[in-house]
Amino acid sequence: MIEFRNASKSFDGRPVVEDLSLTIAAGTVGVLIGTSGAGKSTALRMVNRLVEPSAGEVRIGGVPVRAFRPEELRRRIGYVIQSVGLFPHWTVERNMATVPRLLGWPRRRIEARIDELLHLLRLDSGELRGRYPHQLSGGQQQRVGVARALAADPDLLLMDEPFGALDPITRAALQDELLRVHRATGKTILFVTHDIDEAIKLGQFVALLDRGRLVQAGPPRELLAAPANDFVRDFVGGEERGLKLLGTETAASRLRRGERVEGEPVPVSLSLNRALALMVVRGVDRLGVVGEEGAPLGALHLADLAHP
Amino acid sequence: MAALAAATVLPIACVWGIGLDAARFAQTASATARGSIAAGAWIAILAAYLAMAEAARRLALRAPARAAVAALAVTPVAILLAAGGLDHLGVIEEYAIKRDVFAEALARHGQIVAASFLPALALGLPLGVLARRSARMRGPLLATLGIVQTIPSIALFGLLMAPLSGLAAAAPWIAALGIRGVGLAPAAIALTLYSLLPIVRNTEAGLAGVSPAAIDAAQGMGMSRRQILIQVELPLALPVILSGLRITLVQAVGLAAVAALIGAGGLGAIMFQGLFADAGDLILLGALPIVALAVAVDVLFRLLASLPTRSAA
């Protein structure tokens with residue numbers, strides 16, 4: 001659990017984060033979102049003491065981070081940044097071993113952990129271990145960055161716009177990957193982004209910051225359905241937020257069980273915004289829905305999308 | 001590639017021809033006469049090597065290949081030399097006479113360079129790190145070292161003579177260490193001062209060029225400042241630092257020649273002896289090895305800097 005308690009930070013008298021209070025529950029993905037200069041990175045860096053708050057404090061699991069030596073604290077927290085920050089003079093393997101080596105793990109344990117992580121992040125195809133960062137694609141580099149952050153099995157992962165520099169397809173793949181890793185490991189993740197779609201997709205809890213102040217925080221659905229003010233409404237996409245709202249649910253939630261429809265069916269896990277798009281493309285107002293195994297489950301009606 | 005091959009053959013042919021000529025001359029002239037290389041031949045050799053360097057540049061060779069080309073150009077001349085093909089050239093005849101003096105001078109030259117390079121390294125690297133860490137120190141430090149660089153070497157040697165001899169006179173134990181107004185001590189001190197600027201400047205620049213993301217990541221993962229410096233910053237700055245060391249050494253090899261004027265000895269002593277006696281071959285005996293040494297250091301360090309920096313995983 002991460003708690004910001006009235007945390008503030010000024011650089012040269014200019015406030016960057018003002019009186020931020022926020023709690024991210026253990027085992028969840030919390031997203032800090034905002035435009036550039038909103039203070040989200042500064043807030044994130046307070047957690048591992050790369051930035052010390054001018055006032056207020058940050059607690060992890062109820063303990064103020066000030067109570068730890070910065071180096072020891074950071075070795076227990078995974079850290080991933082946008083420009084990846086892989087060490088160009090070290091191989092993939094050596095990069096991933098950074099924190100375990102700092103912690104003085106025996107060689108064999110480090111080897112075993114690297115094998116495990118290469119497998120977890122699907123980097124074990126081909127001989128990636130011995131390569132240097134410049135020999136990897138952008139997506140592979142960021143996977144290695146995530147693997148490196150997970151190396152010493154931290155309970156907490158800080159990610160500062162980690163996928164910002166990637167092309168949309170690679171980014172989507174890595175977002176899926178991160179959700180999979182999160183399900184598999186149950187880490188608490190604090191994620192910074194300026195991309196509302198990324199926030200909705202990844203976050204169980206989203207906090208929108210503007211010029212250093214918290215504007216609204218809650219589950220993504222809440223920000224979309226009940227924006228606190230015009231800024232939030234515009235930020236979450238204005239009228240288009242309706243589509244994003246549909247994106248937070250799957251066909252399962254509006255299913256009319258047992259009904260049969262002609263035409264190619266869609267899987268029950270399909271998000272509602274995609275289902276709507278499909279109806280427009282096909283020129284129909286209902287779709288057949290099938291389960292994971294392909295067994296027919298029911299139907300999805302256009303009218304139900306507007307009125308739950 | 002053909003141009004490079006031709007350019008490589010050309011200087012070798014020049015040198016060989018000169019050797020043959022000198023041999024013919026030696027048969028006809030008296031025993032004390034010396035066959036020297038005339039201006040025309042120098043220009044031909046120079047032009048040939050320039051053509052070679054240009055050909056190598058056009059081919060955009062990587063450092064190891066460039067070093068190989070350099071070796072290719074030098075090896076035949078060395079073989080010719082060893083085989084006695086140039087024995088009748090004045091400079092070689094001088095060498096035959098002064099063999100012992102030459103070996104001593106060469107060793108002394110190396111000693112002067114080492115005596116300035118090692119302290120400069122031990123001082124320059126920390127100062128370079130300091131210049132990077134403290135923006136307030138950077139300006140004054142680099143400015144001071146820059147001013148030192150502008151002092152002509154002979155003037156600096158002269159400036160050091162008085163205080164050092166005073167020091168030696170005042171404290172006998174300093175004199176016992178071999179520190180006097182003339183000789184190795186002022187030479188080594190002056191060369192150390194000259195060597196500091198390239199080392200400090202390149203260390204600072206190399207550290208400044210390290211990607212901020214790598215440093216941020218290192219810090220964020222819990223490396224201490226010391227660990228970041230040793231494991232991340234210095235290895236990544238190494239190519240630039242090596243290039244600073246290359247400049248330093250090439251400069252020191254050249255400046256050590258001038259140190260002969262204050263009694264430090266070395267190849268410069270042979271060179272100046274020739275200069276004052278108006279003996280061209282003696283000048284060459286001092287000067288050519290200095291050039292060869294400087295070029296060898298240059299090639300070696302370029303080669304080192306081009307090697308991929310790896311750490312033992």
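**View 1. The interface between chain A and chain B.** In this predicted model, 23 residues of chain A are in contact with 21 residues of chain B. Together the two chains bury about 1,900 Å² between them, and 61% of that area lies on carbon and sulfur atoms. On the side of chain A, the residues that lose the most area to chain B are A:Phe87, A:His89 and A:Leu102, which together account for 27% of what that side buries.

View 2. Side chains of opposite charge can pair when their charged atoms come close. Across the interface of chain A and chain B the rule finds one salt bridge, and in this salt bridge the side chain of A:Arg45 meets that of B:Asp216, with an N to O distance of 3.0 Å. Five residue pairs in polar contact are also found across the interface of the two chains, with both residues of each pair at pLDDT 80 or more. Among the elements of chain A, α2 (70-75), β6 (77-81) and α4 (98-102) each supply at least two residues of the side that touches chain B, and the largest share, four residues, comes from α4(A). Sorted by kind, the residues on this side of chain A divide into ten nonpolar, five polar and eight charged.

View 3. The largest nonpolar core holds 57 residues, of which B:Phe157, B:Ala187 and B:Leu245 touch the most other members. Helix α11 of chain B, made of residues 225-258, gives the largest share of this core, with twelve residues. If residues up to four places away in sequence are not counted, B:Leu245 touches B:Phe117, B:Leu121, B:Ile199 and B:Phe301.

View 4. B:Asn202 counts as buried because its relative accessibility is 9%, and buried means under 20%. The side chain of B:Asn202 makes a polar contact with the side chain of B:Ser243, at 3.2 Å. Leaving aside neighbours within four places in sequence, the residues in contact with B:Asn202 are B:Val240, B:Ile241, B:Ser243 and B:Gly244.

**View 5. B:Glu204 and its two arginine partners.** The side chain of B:Glu204 meets that of B:Arg132 in a salt bridge, with an N to O distance of 3.1 Å. Since B:Glu204 lies in helix α9 and B:Arg132 in helix α5 (residues 99-133) of chain B, the pair ties together parts that are 72 residues apart in sequence. B:Glu204 also forms a salt bridge with B:Arg138, where the closest N and O atoms are 3.4 Å apart. This pair, too, links distant parts of the chain, for B:Arg138 belongs to helix α6 (residues 135-150) of chain B and is 66 residues apart from B:Glu204. At 10% relative accessibility B:Glu204 counts as buried, whereas B:Arg132, at 30%, is partly exposed, and B:Arg138, at 22%, also counts as partly exposed.

**View 6. Salt bridges within chain A.** Over all chains, the structure holds 31 salt bridges. In one of them, the side chains of A:Glu52 and A:Arg49 meet at 2.7 Å, N to O; A:Glu52 is partly exposed, with a relative accessible area of 31%, while A:Arg49, with 14%, is buried. Elsewhere in chain A, a network of salt bridges links A:Glu93, A:Glu111, A:Asp115 and A:Arg129.

Technical notes:
Residues are numbered from 1 along each chain as its sequence is written. Chains are lettered from A and ligands numbered from 1 in the order in which they are written. This is a predicted model: local features need pLDDT of at least 70, side-chain atom pairs count only at pLDDT 80 or more; totals for chains, interfaces and linings use all residues. Side-chain values use heavy atoms; hydrogens and water are left out. Contact means heavy atoms within 4.5 Å. Buried area is the accessible area (1.4 Å probe) that two parts lose on being put together, summed over both. A salt bridge is a side-chain nitrogen of Lys or Arg within 4 Å of a carboxyl oxygen of Asp or Glu. A polar contact is a pair of N or O atoms within 3.5 Å; within protein, one must be able to donate a hydrogen and the other to accept it, and residues adjacent in sequence count only if both atoms are side-chain atoms. Ala, Val, Leu, Ile, Met, Phe, Trp, Tyr, Cys and Pro count as nonpolar, Asp, Glu, Lys and Arg as charged, and the others, Gly among them, as polar. A nonpolar core is a set of buried Ala, Val, Leu, Ile, Met, Phe, Trp, Tyr and Cys residues joined through side-chain atoms within 4.5 Å. Buried means under 20% relative accessible area, exposed over 50%, partly exposed in between (1.4 Å probe, protein chains only).
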